[in-house]
Amino acid sequence: MALSYRSGIPGGKFFKKTYVALMLWFVGRAIQAAASFDEDVREEFSALPDGFTFSMNVLPAGPAMIVGKDKQGKIRYRGWDPGRQRIDLSISIKNIENAILLFTFQESTAVATARNRLIVAGEVPWACAVVRVLDMVEVYLLPKVIASLAVKRYPAWPLGRILSGRVKIYVMALLGW
Amino acid sequence: MEMVMPPPEEFFCPTKVLAGKRAIEALPFELAGLGVGKPLLLFGSSPLDRFRLKIVEGALGESGLVYGVCGPVPTDVDLPIVREVAINYLENGHDALVAVGGGTVVQTAKLVNIAVTGRPEDLARCVGEDNIPGPLNTLAVISTLGGTGYESTNYVSLGDRRYRSGRLMPDLMIIDPRMMKGTERGEGAAVVVTALTQAVEAALAGANPFVVPYTEAAIRFIFERLPLWLAEPKDGTSALALANACHYAGCAYSNVVSGSVHSLGRQLAPVVGGEAGAIMSCLLPRYLACVAANDPARVASLWPYLCGSEDYIPPSVPERAGGAVFAMEEFLRKVRVTMGWDGLSLTALNDERRETIVDAALREGYGVWDREMGLRILTDTAKEG
Amino acid sequence: MELPGYYEFSSRVRIIAGYRTLERIPAVLRASGARRPMIITDKGVAAAGLLRTVVEAVSGDCEVGAVTDDVPADSDLRVVNALSRLYTDGRCDSLIAVGGGSVMDTAKGVNILVSERAPDLMVFSGAGTLKRPLKPLIAVPTTAGTGSEVTLVAIVKDHERRQKMAFVSYFLLPAAAVIDPRMTLSLPAAITAATGMDALAHAVEAYYGLQKNPLSDVHATTAIRLISGNLLRAVLVPTDTEARLSMAIAATMAGLAFSNSMVGMVHTLGHAVGAVCGVPHGVCMAVLLPYGLEYNRRRRDREMAELLLPMAGEEVYASTPPHQRTDRVIAYIRQINEDLHQATGGAHPRCFREILDREGRPAVPTRIFGEIAEAALDDGSLFYNPEDMDYDDFLAVLEAAWEGRALVI
């Protein structure tokens with residue numbers, strides 16, 4: 001058979017992209033919610049500089065989530081378009097399939113990091129703080145059975161804290177409080 | 001382990017390995033890291049090759065990667081094919097090659113890479129050892145469990161032109177479980193035995209300590225996983241481990257001077273017929289025994305990988321060497337039985353014929369073994385029947 | 001041998017190791033199209049006579065364009081800028097870096113500036129900012145420890161803006177790493193011990209870390225075998241070139257292992273102790289290594305047991321029941337520290353209490369453990385540790401390491 005040449009056919013992954021976009025949107029708002037009622041999350045953010053902004057995005061041009069500290073120090077979800085904001089810390093997932101692995105909990109943040117699925121740009125201490133926040137948010141959002149796979153160490157919080165926090169985080173994230 | 005190294009030893013392995021789940025999806029990011037962004041994909045001629053191409057293209061979806069596809073590459077590569085691919089590469093402004101699968105696809109890719117990096121005349125100029133003057137363009141291989149076993153190496157040939165240079169080694173080796181599906185047992189077994197031969201020859205070749213990790217990893221994976229995979233070819237983890245082992249063996253092999261089993265195997269193949277892997281499976285234990293007779297310590301150092309270290313460890317070096325040889329014999333005998341490979345029939349070769357073969361193997365220029373050992377290997381193998 | 005669900009491994013640097021390898025450098029440069037290198041080192045290396053050795057070995061076969069020993073202990077942006085000017089003035093076309101981590105980082109920084117011909121290094125900070133190959137850089141390590149000759153990272157501090165810039169790119173990798181025992185022959189006993197333990201810590205942590213993979217594993221075990229067989233000898237018989245060469249090779253191999261498998265809490269705490277108390281890195285590693293195993297053994301017991309084989313050899317491994325192997329590994333490491341302590345006349349410490357500053361006072365006093373624990377919380381290597389750690393966990397380890405007693409979880 002003769003040799004032939006053609007250009008590559010760029011494919012789309014609409015459903016996966018939509019799913020990841022939704023998850024990022026939800027996690028962004030969940031972080032905003034958790035920062036409003038959880039002491040530990042607030043403490044992590046208070047150690048970060050004023051106007052601190054971080055993003056979680058999928059390369060090359062995939063869905064994104066931006067969260068930042070406003071002038072009053074309040075943590076706000078800032079949508080999916082960085083626009084002209086200065087991003088102090090970005091967690092970039094290298095491709096959409098890696099994002100799927102992360103957001104379907106097949107790979108925890110720790111495993112995903114160990115497997116080089118994502119790259120972190122920004123000061124390392126900030127990255128550590130943000131990961132601790134993400135871990136706490138995941139404990140609130142997910143049932144223990146899944147959360148213990150997602151985080152390295154499931155915290156010894158009283159059940160009351162987890163349950164009431166879980167209700168708050170879902171309600172606030174969905175309603176955007 | 002002996003660590004004496006009188007002359008300086010060089011070790012070079014420029015290949016980055018990405019192995020496991022969703023490895024193919026990492027390709028665009030890795031190419032960008034190497035400063036390239038418009039690869040040309042090459043694929044082979046079998047239905048399985050086309051299926052694999054589909055998987056690769058599917059994996060590249062949503063990445064925004066701009067690429068071209070050229071193929072199918074036939075099972076016999078000649079200069080016109082290489083030229084045609086090279087023209088497609090240059091005319092369409094590509095800056096990297098991605099070989100989807102092994103065998104002639106990788107062979108073509110390496111040759112095309114020589115032609116497109118410099119000038120097409122380079123294919124003639126760069127023949128031989130270390131004759132490629134500068135770095136070649138980016139080459140990525142998406143491997144399978146198959147091919148020739150030379151995919152990861154610094155070696156490529158075109159007819160009787162042979163090229164050997166570190167610059168030929170791929171920049172990226174992507175080992176993804178999706179590419180292992182559908183591998184035929186015969187092809188897999190043959191390439192793994194080739195890899196085992198490469199690893200053992202590299203391990204026994206000399207004292208370059210940087211080669212040791214690669215040979216150890218290759219031999220361990222092969223001994224642990226080949227029996228499992230032969231028993232159950234759907235065992236994806238074992239297939240993946242074996243594909244890894246083939247890569248490690250190729251890297252190790254590229255950093256030593258080629259050994260006797262390979263050269264003899266190449267010379268024997270046209271004479272006795274049969275698969276290279278099958279031939280090597282007969283020669284390898286005899287080779288090991290020959291080396292053990294001269295230098296038992298060297299063979300004894302292989303003992304932990306071949307026999308394991310859990311229980312009894314023979315205290316003396318000759319005992320360990322003997323144990324290693326026996327373990328190798330047994331392992332390969334079982335492979336031959338499982339695969340239905342015949343023993344190598346060398347009884348038809350008379351002394352004169354054997355000498356011709358050994359001399360031809362020596363002349364290949366890559367061997368650093370002595371003629372006597374070559375003859376002994378052939379004689380001993382013939383005795384085995 | 002374990003195969004993770006996914007891994008990456010890269011060791012792109014050409015490694016030239018053995019006796020009289022420095023003399024090979026001109027040929028390597030020529031193969032990359034260069035003939036006029038600039039040699040960069042620091043004052044310590046120069047004072048030890050190593051710079052002269054390199055210059056003599058190299059200048060027979062190529063012309064040295066510029067030589068400098070002006071690199072400080074911590075890579076500094078001002079120095080990078082100054083050395084770039086020196087490079088241009090000397091009409092150089094390549095670099096030879098002779099030294100440890102700071103020299104390598106500085107050389108890599110200079111390489112970016114002179115290759116891109118840009119005025120500001122900051123522009124290239126981060127990952128993926130470099131798009132094309134830089135000038136050839138030959139790395140000649142002089143301490144058998146850091147493995148920085150094989151990494152694709154460079155850290156340069158901007159003291160004015162009080163920032164640490166990190167550069168990550170394949171193009172930063174040296175064209176070759178040249179390992180010649182002459183470079184470590186004159187290393188004093190205590191530094192030989194500390195840098196050797198640094199290499200051991202790299203290898204051990206790479207083996208039980210979260211990013212472990214088959215290739216990093218075999219590099220780690222090969223390094224451990226070499227260290228077990230040669231570290232004490234290199235300290236006791238400093239002129240033994242074979243031991244020195246083996247240790248240098250082991251350090252590079254351990255560097256390859258950990259740069260592909262990352263390190264864990266021994267480094268997390270070690271970095272923190274180093275940053276807060278100014279204690280040399282290798283010394284921190286030596287003291288903390290047993291605790292890395294003790295703390296993580298619940299999750300990594302099987303892996304740690306396997307380390308007994310390269311550490312103690314086949315006979316000991318086979319004769320030790322599997323459930324006792326990890327204990328034996330930990331005891332072995334403590335024994336190495338003990339042996340090194342004796343061999344260096346007490347200079348090599350076995351616990352934090354034994355690390356003294358110039359006035360003979362403890363350099364890691366218990367009262368600043370809190371500060372160290374805080375600093376450790378911000379260290380990225382913690383990501384790769386099998387177990388999570390919080391402030392109290394760090395304190396517990398520090399307290400045990402003060403006296404050198406076993407950690408009880």
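Author: Let us begin with helix length: the expected span of a helix is 1.5 Å times one less than its number of residues. Please keep in mind that this model is predicted.

Reader: What span should the 16 residues of helix 5 of chain C have, and how far apart are its end C-alpha atoms?

Author: Helix 5 of chain C (residues 101-116) should span 22 Å, and its end C-alpha atoms lie 23 Å apart, which agrees. Of its 16 residues, 15 are buried, so that this helix is mostly covered, buried meaning under 20% relative accessible area. After the helix comes C:Arg117, which has a positive phi, near 50°.

Reader: Which residues does C:Ser84 touch, not counting those up to four places away in sequence?

Author: C:Ser84 belongs to helix 4 (residues 77-89) of chain C. Its contacts are C:Val110, C:Leu113 and C:Val114, with residues up to four places away in sequence left out.

Reader: Is C:Ser84 buried or exposed?

Author: C:Ser84 counts as buried because its relative accessibility is 8%, and the cut-off is under 20%.

Reader: How many of the 21 residues of helix 6 of chain B are buried?

Author: In helix 6 of chain B, 17 of the 21 residues are buried, so the rest of the structure largely encloses this helix.

Reader: Is A:Leu175 buried or exposed?

Author: Exposed means over 50% relative accessible area; A:Leu175, at 52%, is therefore exposed. A:Leu175 lies in helix 7 (residues 159-175) of chain A. With A:Val167, A:Tyr170, A:Val171, A:Leu174 and A:Trp177, A:Leu175 makes a nonpolar surface patch of about 610 Å².

Definitions and conventions:
Residues numbered from 1 in each chain as written. Chains lettered and ligands numbered in written order. Predicted model: local features only at pLDDT ≥ 70, side-chain atom pairs only at ≥ 80, totals over all residues. Heavy atoms only, no water. Patch = residues over 30% accessible without salt bridge, like charges linked within 9 Å, V, L, I, M, F, W, Y side chains within 5 Å. Areas by Shrake-Rupley, 256 points an atom, 1.4 Å probe, with all protein chains shown as cover. Salt bridge = Lys/Arg side-chain N within 4 Å of Asp/Glu carboxyl O. Helix = DSSP H or I, 4+ residues; strand = E, 2+ residues; numbered from the N terminus. Buried < 20%, exposed > 50% of the residue type's maximum accessible area, 1.4 Å probe, protein only. Contact = heavy atoms within 4.5 Å.
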